[in-house]
Amino acid sequence: MQNLINFTKSTETLKSHKTDLIVCGLYKNEKFTNSFGKNLDDAISIESFKGDYKKKILVYGDNLKRILIIGLGKKKNATNLRFREIGAAVASYANQLSVKNISLDSKSLKLDKNEFAGSLYEGIVLGNYQFLDYKTMDSKPNSLKKVTVLGTCDKKTLEASAVIANSVNFAKDLGNHPANILTPTYLANESKRISKAKNMKCTIFDVSKFEKMGLGSFYGVARGAKEPAKMIIVEYNGGSKSDKPIALIGKGLTFDTGGISLKPGARMDEMKFDMCGSATVMGVMNAVSILQPKVNILFAIGSTENMPGSDAQRPGDIVTAYNGKTIEVLNTDAEGRLVLADVLSYVNKNYKPKFMIDFATLTGAVLVALGHRATGLMGNDEKLIGKIKKSSEATDEKVWELPLWPEYSKDIKGKYADIQNLGKAGAGTITAGAFLKEFVGDTPWCHLDIAGTAWGPTEPSYQPKVGATGVAVRLIYHLLNN
Ligand code: BES
Ligand code: ZN
Ligand code: MG
């Protein structure tokens with residue numbers, strides 16, 4: 001659920017301001033100078049509170065004031081990551097206290113520093129996320145509804161942070177909805193809704209058009225499903241007309257059973273998350289629709305279920321992709337690459353993008369390599385890879401590069417067709433990347449395998465305890481902005 005979209009700025013003094021909870025900060029070993037009365041000074045001394053990172057004390061000052069002081073740690077260790085974690089801790093504490101309104105003391109939290117202020121606010125919004133859409137019993141909705149900043153801060157920075165963090169939360173929502181609700185049609189409708197914004201145009205292609213359009217590889221996956229597949233294209237024109245667009249492409253498998261190469265039953269429910277690549281694309285789309293950056297972007301999503309059944313494709317089937325290459329489908333569970341093959345080559349041919357980035361829960365193998373801690377990164381362009389690494393560092397969304405040496409392309413050479421959808425010699429994440437490389441032409445391109453990071457991580461502390469994470473929305477927004 002989106003939350004805390006609006007915040008207020010107030011010029012009242014700490015003393016006169018009325019709220020449920022005042023939040024102040026203290027760097028380690030600095031002196032706390034806001035005097036709320038003797039009680040507070042006593043509490044600090046009794047607790048020997050020194051401003052250790054994330055330590056907190058709650059005190060009651062004069063005039064019915066409840067004050068939370070949170071330790072910011074050593075000043076030299078201050079980072080955006082720490083401020084995001086502090087924000088989440090503040091939200092969680094406010095909810096523990098069942099508090100509705102909190103007010104941030106700009107002076108002691110140093111909110112005049114834009115970067116940290118933005119990160120703190122991001123942390124509050126991320127930390128306040130809940131997914132209760134299907135709970136009718138025993139749920140405890142968060143109490144925190146409103147944030148006020150007392151004193152100096154840049155309203156624009158905080159508003160942008162709120163939009164981006166809410167877009168991450170929107171991506172989490174999309175991931176968390178079950179597959180009987182969140183269908184390809186649902187994703188198409190959400191894209192249409194977002195595209196009502198200025199400078200946006202949405203086109204939906206239904207599965208009934210796929211074969212005629214030449215999307216034979218995508219069609220092979222989609223044909224087994226009763227739920228109609230969709231290719232979603234959203235054009236955003238915020239830059240000048242002559243600028244080539246940046247293309248963001250997402251895997252939107254609303255459920256992956258594996259198809260005829262059926263997956264085992266254990267934890268198959270998690271395959272509702274197989275559309276998290278498209279959730280990332282739509283999270284960015286949501287932020288872009290509101291913040292209107294001055295660039296051109298092409299959003300594209302390939303969305304279908306992967307189902308077994310009498311009309312499903314078979315292992316051994318040969319399909320022809322949009323760029324003319326033939327593919328032997330050796331395993332119907334390696335379906336993500338089949339969908340992306342067509343979407344990537346369709347976007348490349350029809351929009352000639354400046355560069356393309358795709359997001360996909362593509363391989364279980366990336367979990368073996370990197371666990372839940374980092375997204376697998378591959379690409380054909382050093383400069384683009386470098387940019388993504390930079391944005392990764394700036395946003396604390398970890399990526400790790402895997403090699404896409406030409407040798408790996410030998411491992412997907414086909415016996416009867418040009419290529420096959422299964423690697424021959426291990427390196428499952430890389431051979432999937434090598435497969436995608438066949439469909440991007442000479443356009444600079446990167447692939448983010450988010451199978452380990454789209455759900456599962458519980459760190460840093462602003463990540464949700466369960467469910468989808470909205471991975472890479474912040475990373476990509478940072479990239480667009482720079
Ligand atoms: N959606 C899965 C990848 C996946 C598996 C994501 C587990 C998260 C957790 C993908 O479609 C898939 O099934 N890939 C196969 C490919 C294999 C058949 C070459 C895999 O990883 O096992
Ligand atoms: Zn899949
Ligand atoms: Mg699969």
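A cavity is a set of points, on a 1 Å grid over the protein atoms alone, where a 1.4 Å probe fits but cannot get out. Its volume is the space filled by probe spheres set on the points, with grid points joined across faces, edges and corners.

This is a predicted model: local features need pLDDT of at least 70, side-chain atom pairs count only at pLDDT 80 or more, and totals for chains, interfaces and linings use all residues. Residues are numbered from 1 along each chain as its sequence is written, chains are lettered from A and ligands numbered from 1 in the order in which they are written, and side-chain values use heavy atoms, without hydrogens and water.

View 1. The structure holds one cavity of 30 Å³ or more. The space in the largest cavity is about 30 Å³. Its lining residues, which have an atom within 4 Å of a point, are Ala 171, Cys 276, Ala 279, Thr 280, Ile 450, Ala 454, Thr 469, Gly 470 and Val 471. Six are nonpolar, three polar and none charged. Here Ala, Val, Leu, Ile, Met, Phe, Trp, Tyr, Cys and Pro count as nonpolar, Asp, Glu, Lys and Arg as charged, and the others, Gly among them, as polar. Helix H9 (residues 276-291) gives the most to this lining, with three residues. Helices (H or I, at least four residues) and strands (E, at least two) are DSSP runs, numbered from the N terminus.

**View 2. The zinc ion (ligand 2) and its donors.** Lys 251 (NZ), Asp 256 (OD), Asp 274 (OD) and Glu 335 (OE) coordinate the zinc ion at 2.0 to 2.4 Å. Donors are N, O and S atoms within 2.8 Å of the metal (3.2 Å for Na, K and Ca); water is not among the atoms, so sites may look incomplete. The six donor atoms subtend angles of 76 to 174°, which makes the arrangement octahedral. Six donors count as octahedral if opposite donors are over 155 degrees apart and all others between 65 and 115.

**View 3. Zinc beside magnesium.** The zinc ion (ligand 2) and the magnesium ion (ligand 3) are 3.2 Å apart. Asp 256 coordinates both. Lys 251, in strand E9 (residues 246-256), and Glu 335, in the loop between E12 and helix H10 (336-351), are 84 residues apart. Both Lys 251 and Glu 335 are buried, meaning under 20% relative accessible area (1.4 Å probe, protein chains only).

**View 4. Helix H15 (residues 473-481).** This helix is mostly covered, with seven of its nine residues buried. Among them are Val 473, Arg 474 and Tyr 477.

Notes: 1 Å grid on protein atoms, 1.4 Å probe; cavity = no way out; pocket = protein on both sides within 12 Å on 5 of 7 lines; lining within 4 Å. Tetrahedral: all angles 85-135°; square planar, octahedral: opposite > 155°, others 65-115°. Buried < 20%, exposed > 50% of the residue type's maximum accessible area, 1.4 Å probe, protein only.
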